[in-house]
Amino acid sequence: MANYSTNEFRSGLKLMLDGDPCSILENEFVKPGKGQAFSRVKLRNLKTGRVIEKTFKSGESLEGADVLDMDMQYLYEDGEFWYFMEPNTFEQHQASESAVGDAVKWLSEQDICVVTLYNGAPLSVVPPNHVELSIAQTDPGLRGDTAQGGSKPAKLVTGAVVKVPLFLEEGEVIKVDTRTGEYQGRVK
Amino acid sequence: MNKDSLRYRSEILQSLRGFFQQRQAMEVDVPVLARSTVTDINIESINVEVFGNIGYLQTSPEYFMKRLLACGVGDIFCLGKAFRDSEVGRRHNPEFTMLEWYRCGWDEHQLMAEVADLICELVQRHASVDLAVSKVSYADCFTKYLGVDPHNAQLAVLQQMAVAASSDNWATETRGNCLDLLFSFSVEPQLHRGLVFVYDYPACQAALSQIYLNDHGQTVSRRFEVFFNGMELANGYAELTDADEQKARFEKDIGQRLLGNKPAVAVDNKFIEALELGLPACAGVALGVDRLLMQLLDVESIAQVMPFSWERC
């Protein structure tokens, strides 16, 4: 991979730092008039998700990270790995539990996800912003409560627990925003 | 930049000229394009091709102004453009507007008083507020905000503090770089609002100022910096007039450039010749006009006070 100098740093650039791929969140240029110039950088470690702050002297450079975001279709899981397919080439990739992370509770087969590849292997998975899933288990709602707009927890088929209006019942399909985990509406 | 800010900028430029007209300093418009440039290890010139040879956009009008001073022109000011490569950010633009002036026979403390007069007058006229003005030595800043003596602390102590203030890759940095980092990250944000004059800079950061032994027995440079609401605004010196000493400092810079793999720069011999001819005892200061506008208009980015910032050029 190419090296990137501090003056090429910008948010979104993917770099190797201490052996891990990172993505730049913020880069501030600091320079006392007659003094050394610095780049004060905030990066997200793409493996751990942790945010790190680092200060470089201007002109220092870091190796670019071979990181690529790609739309892929989720196929199935075999208890150990989750399988995704590139829609154009039909090439399949197996993602580990740590790569799938929190996305697991939203995944249903055939969904199009964003899979981040690092050196060709899945590093992380982002589910679609909106998913439609059916309710596996919830307490029966009480009639007449709808006007108050109360809510109750509902467990979805994928395992996620979402707050839903009282009138919803098991087996019904709902739309959820995966970024906030919020109920968006009933799907008929 | 909106229309009101553009008009405000125009008014400030007029006020700056008016101030010096009233105080009998002559305006000089010296070249921004020259055959030589500065050797400062932390300032990079923008190179251009002129008649097939290398030319430099000037990083400040300093050398030309001093050459005029050596001819005996008396007090002068310059309000014009300066250029620095690889400097772009919230407070930096590769081309910017600089106000620089020199007072013959003055020392740096007299000049600090005039900088305060200038800024206070502008703030009074254009914003109708009184500005708090304070003065503090470089050593006192470090003692107050970091609990360390910057002139005598061991390098290892400064390196540890630099690591704590930034990240672990600072454990082996030079003294000058650690001091710059600590000042930028830990002192600057804590400076009082209003105008703060910081004086008696470390001898290793003397640049073109005299070095002397102050009343506290510290060998320091007669250099000061001005901070306006915590932002670096101006840099001034009791000017070094000794041609041999100046040449030695330039050659030291050139050596450090070589070690640091930075572009090679030659000594500006015409400037050294002017010092040999005799630069009168004087004090000079350079002030970033765009930054002054940022503070007067209370905006976050230098692009908001420029008709066209680099992003839009």
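**Figure 1. Secondary structure and overall form of chain A in the predicted model.** Chain A contains one helix and 16 strands, where helices (H or I, at least four residues) and strands (E, at least two) are DSSP runs, numbered from the N terminus. Its radius of gyration is 22 Å, well over the 16 Å that the globule rule gives for 188 residues, so chain A is more spread out than a compact globule; the radius is taken over C-alpha atoms, and the rule is 2.2 Å times the number of residues to the power 0.38. Along the principal axes, the C-alpha trace of chain A spans about 75 × 40 × 25 Å. Of the 188 residues in chain A, 27% are buried, a residue being buried if 20 or more other C-beta atoms lie within 10 Å of its own, exposed if 12 or fewer, and partly exposed in between, with C-beta atoms placed from the backbone. The average pLDDT of chain A, which is the predictor's confidence in each residue, from 0 to 100, is 90, and 96% of the residues score at least 70.

Residues are numbered from 1 along each chain as its sequence is written, and chains are lettered from A and ligands numbered from 1 in the order in which they are written.

**Figure 2. Domains 2 and 3 of chain A.** Chain A is divided into domain 1 (3-63), domain 2 (67-126) and domain 3 (130-187), with bounds that come from an automatic or database domain assignment. The centres of domain 2 and domain 3 of chain A, taken over C-alpha atoms, are separated by 26 Å. Five residues from domain 2 of chain A and six residues from domain 3 of chain A take part in the contact, two residues being in contact if their C-beta atoms, placed from the backbone, lie within 7 Å. On the side of domain 2 of chain A that touches domain 3 of chain A, two residues are nonpolar, one is polar and two are charged; Ala, Val, Leu, Ile, Met, Phe, Trp, Tyr, Cys and Pro count as nonpolar, Asp, Glu, Lys and Arg as charged, and the others, Gly among them, as polar.

**Figure 3. The contact between chain A and chain B.** Chain A brings 16 residues to the contact and chain B brings 20 residues. On the side of chain A that touches chain B, β3 (20-30) and β5 (51-57) of chain A each supply at least two residues. The residues of that side of chain A divide into five nonpolar, six polar and five charged.

**Figure 4. Helix α6 of chain B and what covers its buried residues.** The buried residues in helix α6 (residues 175-187) of chain B include Cys178(B), Leu179(B), Asp180(B), Leu182(B), Phe183(B) and Val187(B). Their cover includes β3 and β4 (38-45) of chain A together with α4 (138-146), α5 (155-165) and β8 (195-202) of chain B.

**Figure 5. The largest nonpolar core, around Val198(B).** Of the 85 residues in this core, Val115(B), Leu182(B), Phe197(B), Val198(B), Val226(B) and Leu287(B) touch the most other members; a nonpolar core is a set of buried Ala, Val, Leu, Ile, Met, Phe, Trp, Tyr and Cys residues joined through C-beta atoms within 7 Å. Leaving aside neighbours within four places in sequence, Val198(B) is in contact with Val136(B), Tyr138(B), Cys141(B), Phe224(B), Glu225(B) and Phe227(B). Another core, of 23 residues, lies apart from it, with Cys113(A), Val115(A), Ala154(A) and Ile174(A) among its members.

Figure 6. Gln110(A), in the loop between α1 (97-100) and β10 (112-118) of chain A, has a positive phi of about 80 degrees although it is not a glycine, and is exposed, with 9 other C-beta atoms within 10 Å. Asn261(B), in the loop between α7 (243-259) and α8 (269-278) of chain B, is likewise not a glycine and has a positive phi of about 55 degrees; Asn261(B) counts as exposed, with 7 C-beta neighbours inside 10 Å. Ala132(B) is placed in the loop between α3 (108-127) and β7 (133-137) of chain B, and is exposed, with 10 other C-beta atoms within 10 Å. Leaving aside neighbours within four places in sequence, Ala132(B) is in contact with His192(B), Arg193(B) and Gly194(B).

Technical notes: This is a predicted model: local features need pLDDT of at least 70, side-chain atom pairs count only at pLDDT 80 or more; totals for chains, interfaces and linings use all residues.
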